[in-house]
Structure formats: structure tokens, C-alpha cells
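Reader: I would like to learn how to read a structure like this one, feature by feature. Could you take me through it?

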Amino acid sequence: MRFVSVFAAALLAIVPLPGGGGQVTAAAQSAQLSIERVFASPSLSGPVPRGVKLSPDGRWLTVLRSRPDDRERYDLWGFDRTSKQWRMLVDSKALSSGRELSEAEKMQRERQRIGDLKGVVTYTWRDDSAAILVPLDGELFLVRLDGSNEKLGGGGGDLLNPALSPKGQYVSFVRGQRLWVGKAGAEAQPITPAESAETVHWGEAEFVAQEEMARFGGAWWSPDDQRIAVERFDDAGVGIVTRTAIGADATQTFQQRYPAAGTPNSEVSLYVMNPDGGAQVQVDLGPDKDIYLARVDWAPDGKVLYVQRQNRAQSVLDLLSVDPATGKSRVLFTETAAKGSWINLSDNYRFLKDGSLIWWSERDGFGHLYRYQPNHHPDSHWQQLTKGDWVVTGLSGVDEKTGRVYFTATRDDVLAPQVYALNLGQPAKIEQLTAPGFTYSAAMDKSGQTLLIGRSGPAQPPQVYIADGKGKRLAWVEENMVAGPHPYAPYLASHRAATFGTILAADGSTLHWKMITPEMEPGKRYPVFFEHYGGPHSQQVTRSWGGGLEQAIVAKGYIYFKIDNRGSANRGVAFESQINRAMGSVEVADQKTGALFLKGLPYVDGAKIATNGWSYGGYMTVKMLEADQGLYAAGIAGAPVTKWELYDTHYTERYLGDPRTDPQVYTKSNALADVARIKDPLLLIHGMADDNVVFENSSMLISAMQAQAVPFEMMLYPGYTHRVSGPKVGVHLWNTIFAFLDRHGVTPPK
């Protein structure tokens, strides 16, 4: 694989971020990569920015960047594209009050998968590009581009979902389960009513929307600041579970409304209000109350509100057109899942000023882009823009003036999405804008003029750059070259290249694998660290940066291996939907196919294949050991789901149906009934404050194995949630794993 340093720096408009990696100045010195270094600061991946945005006028580029001495704390930096100068706009340590996050804030961050981050984690540009709204430790700051800031009224307490209205006239946020709105610089006031029932929330997203639908907010400003659509949900019918957070020196219990599979969901409704809390109308979401409020958007001119409504079975998705003055709605069109499948929600759509819509759909068996034109004759409402046995992975932006649509897709390599463009007038003519050898993602400014492109490769940590509409690089946001002071530079000489290949599943499906081998001596055979996830909505095998952990495992003398089984993402409906009503079946069979492939390799010690997974991967470890005794030398199950009835409605019922009508599906998919079949060493790991895969999953597995006299080992982490990570505890976790493998003889040759 070609390493990025072959690009001639003289041909690039390099914009170095202070403290970032420089150009190649000397050959990397070889060093042994340790587990301790993997979890230390600075990150081995280098200065990888988060939250990259362009100001509305396109002049400024802003990023969240971690501190060299604390990889989990982020500050806000700005780059003036005119002066080509970087400036720290918010020093999170200097501005921080040190206030501890409320339980609601902590749980929201957990669901956003940023629970371990500190400092600035989100921000919003004002429409005039003169200031930025920055929430920090329960306070709201309006930050100007000279670095000065103003604390806004209404902060100083528990605060969720802070937002600026598009024109910058108002600030909104949720406090005390009510939506508060205030004119910038003035004290905010609640605009939603005080409810007598503590189960009612305004302006928030319900649990499953945050956890499973990637919708984290419950308020949507109209483009002209004149109206705001507000979600109201009532958890009165949702069952209460006692969530126990077991810490090192104390145990807390939380009475949490949790919609487990087969139980009632939140009752959701939607209102349109004035910012002053005056007139409000309720949106007609239809007679069926047991639905999901999937997405809410305003038309570019603010005259229409669009709502995506999904049924409980997730087989139907309706796009509603709503009159914001009356709340009346009508169905514009309906997406219906193929038999034996489901509707995958997406953010890959865009409402255009001419009234048409760019829309992502899997209606032809693969995720592709379509244009919906409601003003055309019914026979020509739809125009398919992309087609083929590949998928569009992201809609990056639209230049409405030229009719140019930008997107990422797997058209040329399922393992490495590229950035493409097409013109609405000639959609069959697709132009590739990026060079092969990397995996890409892309976003754009609102006008579709400038691309923000992220990429990485097997030997290149993530990079970010700005490009024009033809894909020409204009400037690096972060070149992240592995050289000079880059944290990974000392280990580059010993970096082991990844190889990729395919094997066939039992039904003839192509399965992609990734392998990294240590330096091997002829005639010797090596153990395998076989990592897996296996669940839907995830693709593990890609031509992207894998991080330092993979290399540290290989440095210990293990072969690192993973394979994407049937049911994983970006392979089309037929490939993914094979797990429908059958979790724990084809995934387990395909991982076995991978293990048998490994056993046939002359340099693999077939008696020393250890399998490891977390979350769905932990569930897979248990199912794999139950299904194929003796195939794996040992298994590590981290935070495993063991009983699907304990997991939430939206995720679980999407794949397994409703346990009230399909109990046999759940019985077969669960991991508890066959624990007596586990004959190989098992290490169980779980955080004892996990609010995602609750600890009850592991306690039930523990009890079941003890009842069947099945030996196992266990490591529990008090106070940790679904992510057990950190500078010290991460080291402890991985040292525990390798000590377990040592005890059971899964070790490299001498």
C-alpha cells in the first residue's frame, strides 16, 4: 500500500495546525509499540480534529482539537482562510467552571458516544459568521473571532441541546424537561408548559431516538427564526428498570424508563410554536400512536415542515408534508421494506429550493440516491441518480446553482468509499474526485462550494483537507503526516502492513477479511487474535487506519484477523437481511468459515485461535463458543448481550420482531440456553455502570454458567459504562486479556 508521504509537499498548499505533524525530515526510528503507549497521550493517531465546520460565509474553518497532554480534552480552534492563520478561540481549561455534568447530560453523551470527552464537544456558528455558540460545563458562551467571549443568560445549570436559531436571533436549550428560548444576550424563558407529570419531556429526543435513530434533539428552528417545531414525549407507559451503577466505593441506583423489546414506547407528539411561547399547533402524525418520529426538517423557505414517520415494525417509512400554520399533514410518499427486511433510517437526503428532494433509498436492493420532484406528473416523480451493485455511504452536499450532487460510495471498492459527483441533468456520468488507496468521508458548506474531506489508509492516520468542487485540494486542515514529532513516527519502521482478501460463505456470498502478521520465522506457526463485531449497521473490514492497538497486538507476536460476515453493512439488502429473525446464526457460521480458513494457512497455529468481541461482538463470542467447541482456543466476551428481551425496542425489534408475537425467535437468538455447550476458556468483561448493554446481561450469563458448572473467568469494572477506556484502565483491560491468553497457552512461539 502506498504511503501518503510519496505526495510531493511542494505541490500542496499546506496549512499546518499548531502542534501537528510536519513533513518528512528524517527516517523513522524503530521502537516497540506497547499497550501502555496505545492508551497514553498524545494519541498515536496524531492531532485528529473533530467537529470540522466552515463558517456560513466560507471564510473561517473551525475544528475541535485535543490537547497534547490530554487526548480526551478538546479546545476550539479557528483558521482564517484569508490570512492563513490559526487561532485558539476557546481554551476549555481556562473557560471551564469544573462543574460536574448532570446525570441527564452524562447519559446523552453516552448515547452520542462521546462520554469520555471533556472540554468543548459541540458548537454552532451564527448565521452572520461573526460569532459561535459554545456550551461548556453548563454555561453558554458567545465566542467572537478575536477570541473574546460573552456568557449568555440562562446558563449555569443542567442544560441539554443548546442551539442558535438560523438567523442568530435566539438561543434555545432544554432545562428541567422544558424548552427555553431567549433572545441573544437576554435571559431565556420556558416556552413549553409546566407539566404535572414528571414523565413528560419537551424539546428532547426520547431514549430510542438517541440510542438507535441517531436523532439527539427535539427542537427544530425554521430558517427565518419565526417558528420552532418542538417534540413532546410522555414516558408514562414505558416500563421502569432499576439501573445499578456499581462504583468502587458506592453503588447508585437509577429508576430509568427503558423501552425494552416488546414493551410500550414513549408516546411522541410534535408541535409548532412561536419563539415567544405564544400560538402553538399540534402536528397531525396520524391515528396510530405507536410510531417513531424519525426525522424532522423545514423546507428551505420555511413554508413547509417535513416529518419522517416510521411504523413500530420498521417496515414502512412515510414522508409527511405539514402546514406549520395548521398542523395538517399529508403523505408525500412511502418507503416499504422488501420482504424479510426492514427500513434503514438515513441522514442522506436534502430538500432543495426548487421543491425537489435528493433522497437515499434501498428500494432496488442497494442504497442509492434518487430525486423526488413532487411538481412533476405522478409517473415521473422519481428519478434514480445512482445505480449498481454498490452503495452510497453519504450525501455530502448539493450545489443547487449548478445542479451538482456530491456523495461518497463504494462504487470502485467496497472496502474504501471514495468521493464522487454527478450532475442532475446527466446523473449517469459520475466523476470520481479522490485518489484510491484511502477510505474517504466528506461534508460540504451549505452552498455546496467547498468540500471538507476526511481520509485515512492502513498506514496513514486520519487526515482532513479542504477541496474545491472538482476535488482539488486547496489546503490541509490537518495533514497529520507520520514524521518528525508525530506520535506514531517512532513506530513507523516497525509498522506491519495489512493484507486483504476474500473467502466464500456457505451460500456463496463473498466475505472480506483483513490480516496483519508479525515478523515471522520460516517453519514457525503463530497464534491468531481473531477480532469480530458481527452485528448489523457496521463494516469492520476497510482500507482505513486501524489505530495503534492492532499494531500493539501484532507486536506481541499475534496474527491479527477480522472478517465481515453476512448481516454487516454496505453490501446491499440481501446480504444484510440474512440476520432477519436469525441473530446468532449466519454471523456465527461465517466467523467459523474464517477460522477454518485460518487453520488451513501454513503459518497459523490452528490450536491457538482466540476470538474477541465487545457488545454485539461479546454476544458473538458466547454464541461462537457454544456453536463450535474446540474451534477456538479461547474467547473474550466484553459487555455481551445475552438476552435480547433486555435490549431496546427500536434496535431489537428491527431484526428479531416483537417478542410478544415471535417468542421462539428470541429463544433461539439468546445466548443463555446453550451455555452448557461452552467447553473452551471464556473471559467475561463488563462495566458495572453500563446503561446500554445493562449488567444484567452478564449477571444472567454468570448465573446460567454457574448453574451448569461451566468454568469461566471474569473481570468487572466498577463505575464504567459501555466503554471501558482510559489511560490506565485501558491498559488494565488489555493486560487482563493477554494474561488470560497466557494462562491458556495462546501464546506466540519462542
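Author: Let's begin with burial: buried means under 20% relative accessible area, exposed over 50%, and partly exposed in between, using a 1.4 Å probe and protein chains only. At 16% relative accessibility, Asp 70 counts as buried. Before we go on, this is a predicted model, in which local features need pLDDT of at least 70, side-chain atom pairs count only at pLDDT 80 or more, and totals for chains, interfaces and linings use all residues. Residues are numbered from 1 along each chain as its sequence is written, and side-chain values use heavy atoms, with hydrogens and water left out.

Reader: Where does Asp 70 lie, and which residues does Asp 70 touch, not counting residues up to four places away in sequence?

Author: Helices (H or I, at least four residues) and strands (E, at least two) are DSSP runs, numbered from the N terminus, and contact means heavy atoms within 4.5 Å. Asp 70 belongs to strand β3, residues 70-80. Leaving aside residues up to four places away in sequence, Asp 70 touches Ser 41 and Lys 118. Ser 41 is also joined to Pro 42 by a cis peptide bond, with omega about -5°. Pro 42 is found in the loop between α1 (35-38) and β1 (50-54).

Reader: How do I read strand pairing?

Author: Strands of a sheet pair through backbone hydrogen bonds, either parallel or antiparallel. Here two strands pair if DSSP finds at least two bridges between them. Take β37 (residues 498-504) and β38, which pair in the antiparallel sense over seven bridges. Leu 504 has Thr 510 in β38 as its bridge partner. Five residues lie between the strands of this hairpin, and Gly 508 takes a positive phi near 95° there.

Reader: In what order do the strands of the open sheet run?

Author: The order is β21-β22-β23-β24, four strands with antiparallel pairing. β21 (291-298) and β24 (329-336) are at the edges with a single partner strand each, so one side of each has no neighbour in the sheet. From one strand to the next, the twist averages 20°; axes are lines fitted to C-alpha atoms, for helices over the stretch in contact, and angles run from 0 to 180 degrees between N-to-C directions. Within this sheet, β23 (residues 316-322) and β24 pair over seven bridges, and Ser 321 has Arg 330 in β24 as its bridge partner.

Reader: What should I look for in aromatic rings?

Author: A pair of aromatic rings is described by the distance of the centres and the angle of the planes. Rings of Phe, Tyr and Trp (its six-membered ring) pair if their centres lie within 6.5 Å; planes under 30 degrees apart count as stacked, over 60 as edge-to-face and the rest as tilted. The structure holds 37 aromatic pairs. In one of them, Tyr 170 and Trp 221 have ring centres 5.4 Å apart and planes at 10°, so the pair is stacked. This pair links distant parts of the chain, with Tyr 170 in strand β11 (residues 170-175) and Trp 221 in strand β15 (residues 219-221), 51 residues apart. Tyr 170 is buried at 15% relative accessible area, and Trp 221 is buried at 11%. For Tyr 349 and Trp 359, the centres are 5.9 Å apart and the planes at 50°, so that pair is tilted.

Reader: How do I read two packed helices?

Author: Two packed helices are described by the angle between their axes and the distance between the axes. The axes of helix α7 (residues 586-599) and helix α8 (residues 616-627) come within 10 Å and cross at roughly 70°. That makes α7 roughly perpendicular to α8 (angles under 35 degrees count as roughly parallel, over 145 as roughly antiparallel, 65 to 115 as roughly perpendicular and the rest as oblique). The residues in contact include Val 588 of α7 and Met 620 of α8.
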